[in-house]
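Let's take a walk through a protein chain together. Have a look at the sequence and the structure below, turn the model around a bit, and then read on.

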Amino acid sequence: MSLLMGTVFGSEKTVKIGVLAHRGEEVARKMWQPTMEYLTRSVPEYRFELVPLDFKKLYNAVGEKQVDFVVVNTGQYIELEATYGISRIATLTNHGPDGCLCNRFGGVFLTKADSPIHTLQDMKGKTLLSVDKSSFGGWLMQLREMRAVGIDPESDMSVKTLGDHEKVVLGVLNGEGDVGAIRSDILERMASEGKIDLNDIKVINKQVTTGKFPYLYSTRLYPEWPFSKLENTDDHLAQLVAVALLEMPEESDAAKAAKIRGWSVPSDYNPVHELYRELKMGPYKDLGKFSLIDVLKKYWILLALALAFVVHLIASLRKVRHQQLLLQKEKAALDEAHAKLDHANSLVMESIGYARKIQEASLPDKHALDGAIADIFVCWEPLHVVGGDYFWIEQIGNKCFIVVIDCTGHGVPGAFMTMVASAALHRALHDLKMADPAELLHEVDERVRMKLRQDYPDTDSDDGLDCAICVYDIDTSTITYAGANLPLIYVENGTLNEIKPTRASLGYRSIRPKKSFENHTVHVNEGVSFYMLTDGIPDHMGGAPRRLLGRKRLGEIILHNQGLSMNEQMKHIEMELEAYRAGEPRRDDMTLIGFRPR
């Protein structure tokens, strides 16, 4: 028994997650331990262990590979990315007032309400309290703004570091310093906890709130803390963790303990790179420094030409010199523009690549119905790297669920919508134990509208999806179908039949269903084939004259290949679609599922 128990528990792998404990180890454990427990439940073959780290220990832990993942502040991520090759897999989303989603934050300059300090220039000669010289929201954001108006903190003021945002706020109120530098949301949180009165505080360089960002702030806005993997961490494990984070419910213990809304796909961290480049810190500390040898290696041809012109065209020296300087400036500007473009492109492609891995990991196993369905094929092809089409196949008890979904948009926006739809469908099937297709459509509609806050007057989301759901009851040999703008096609005894969907979509604030979704039941006889598809299939453009393929031609292709297995049918249908396009590019994501019940 001892040997057996040792084998069972030994198979569980430990994954260490380093977390920046900027408010102390005890606070860090209280905030992040529930997240470790959530990940252990979501990725059961692994056990996730919390490793709280202060500012100094963090870099050693990453450099010596003592952890597998890290949760650090935005600025530290940029430095660790350049030094040790870590890469982000998700970005933190904060709770904002009135349920606002916040995946950005800024810095705050604060002073007493009755202080004579009103502008950044007024801070010269004063005492500034900050969190730490490595704190992104409690120092670096503010440093950029001070230098932008000609203030050098090293010579123009006295700076004290207190190591904690709340200590900075209380230090200003207690007279330990004239001005404080903290991150946004600290003031509002302390006020809600009864620790301070906002009427006692004045924000310097206060920015105008547009409604998209609900907190007081004084600086530019930057993306929130990222959840990142180390370079040597297994990619498959990173995909599983990323999916678990994106699916973390906002009402979960993990989200509540961390005081966050959850996690979203990785944000664009270019603004953070711009800050570090402007301050010449971290990976950009040597930016713009060139030795004489570097100049000679890079511009020796231009220097040789200049010397030749001096020798042979002494009379026109000044003109040549002027032209040379102009060329050098234009070349430097062009090189800088190319470097920025290349860097931005690499970041975008990196994010989209991770989004592709996350979306593929969230798709069900195409063989999930083996043994319950006699023959099935699945064709899922996004228009770009990721897309807005999604499918779901699963057996629960004696019922097989087959779902096809077409979300708003393509690319990353469409892929993000599929995650919302997937979470809604998972909740309906597994938490609410629903099995009626029409009721499932109604539940997904309500869940998508709630997730996108479409019933709130201040929301600007007007997105949604079309959906078709089939439930095959093995005991009764029946197919029950309900559709929202997506039909069900089936072939029986050589005849093509189509069950039209309810003309309504799910979600959308401005387009609401005018009637309830209807169930349609088909008795399954031997040899009957069923087909579910998104509109990316019949919307292929081609032919002569040039026009859409349409469902009628698609039906003829399906009938022509009825004698083949489902996999062979898929190959022939794809060849027919490519031949019909004749080089015309695809216009949409496309999904087609065909199956023959037993």
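Which residues does Phe-517 touch, not counting residues up to four places away in sequence? Keep in mind that we're looking at a predicted model. To find Phe-517, go to the loop between β22 (506–507) and β23 (520–523). From there, Phe-517 touches Ala-438, Leu-441, His-442, Gly-483, Ala-484, Thr-502, Ala-504 and Leu-506. Now look over at Arg-553, which is 36 residues away from Phe-517 along the chain. The C-alpha atoms of these two are separated by 28 Å.

Let's zoom out for a moment. The chain has 598 residues, and 49% of them count as buried. You can pick out 17 helices and 27 strands. How do parts of the chain that are apart in sequence come together? Take the contacts between residues at least 6 apart in sequence: 74% of these join residues at least 24 apart.

You'll find Thr-91 in strand β4 (residues 87–95). Thr-91 counts as buried because its relative accessibility is 0%. Its contacts, leaving out residues up to four places away in sequence, include Asn-103, Glu-224, Trp-225, Pro-226 and Ser-264. Follow that last one: Ser-264 sits in strand β14 (residues 260–264). With 10% relative accessibility, Ser-264 counts as buried too. Ser-264 touches Thr-91, and also Ala-90, Thr-93, Asn-103 and Leu-246, again not counting residues up to four places away in sequence.

Next up, a sheet. Strands of a sheet pair through backbone hydrogen bonds, either parallel or antiparallel. Here you can trace an open sheet of five strands in the order β9-β8-β10-β7-β11, with mixed pairing. Its edge strands, β9 (158–161) and β11 (201–204), each pair on one side only. On average, neighbouring strands of this sheet are turned by 30° against each other, direction ignored. Inside the sheet, β7 (residues 107–112) and β10 (residues 179–183) pair in the antiparallel sense over four bridges. Leu-110, for instance, has Gly-180 in β10 as its bridge partner. Then there's helix α7 (residues 165–173), which lies across β7, β8 (127–130), β10 and β11 and runs at about 155° to β10.

Helix α2 (residues 25–42) has 18 residues and reaches 25 Å from its first C-alpha to its last, close to the expected 26 Å. Look for a kink of about 40° at Trp-32, shortly before the proline Pro-34. Both Trp-32 and Pro-34 are buried, and so are other residues of α2, including Ala-28, Met-31 and Leu-39. In helix α11 (residues 270–279), the buried residues include Val-272, His-273 and Tyr-276. Just after α11, Lys-280 takes a positive phi of about 50°.

Definitions and conventions. Residues numbered from 1 in each chain as written. Predicted model: local features only at pLDDT ≥ 70, side-chain atom pairs only at ≥ 80, totals over all residues. Heavy atoms only, no water. Helix = DSSP H or I, 4+ residues; strand = E, 2+ residues; numbered from the N terminus. Expected span 1.5 Å × (residues − 1). Bend = angle between axes of the 7 residues up to and from the residue. Buried < 20%, exposed > 50% of the residue type's maximum accessible area, 1.4 Å probe, protein only. Pairing = 2+ DSSP bridges. Axes fitted to C-alpha atoms, helices over the stretch in contact; angles between N-to-C directions. Contact = heavy atoms within 4.5 Å.
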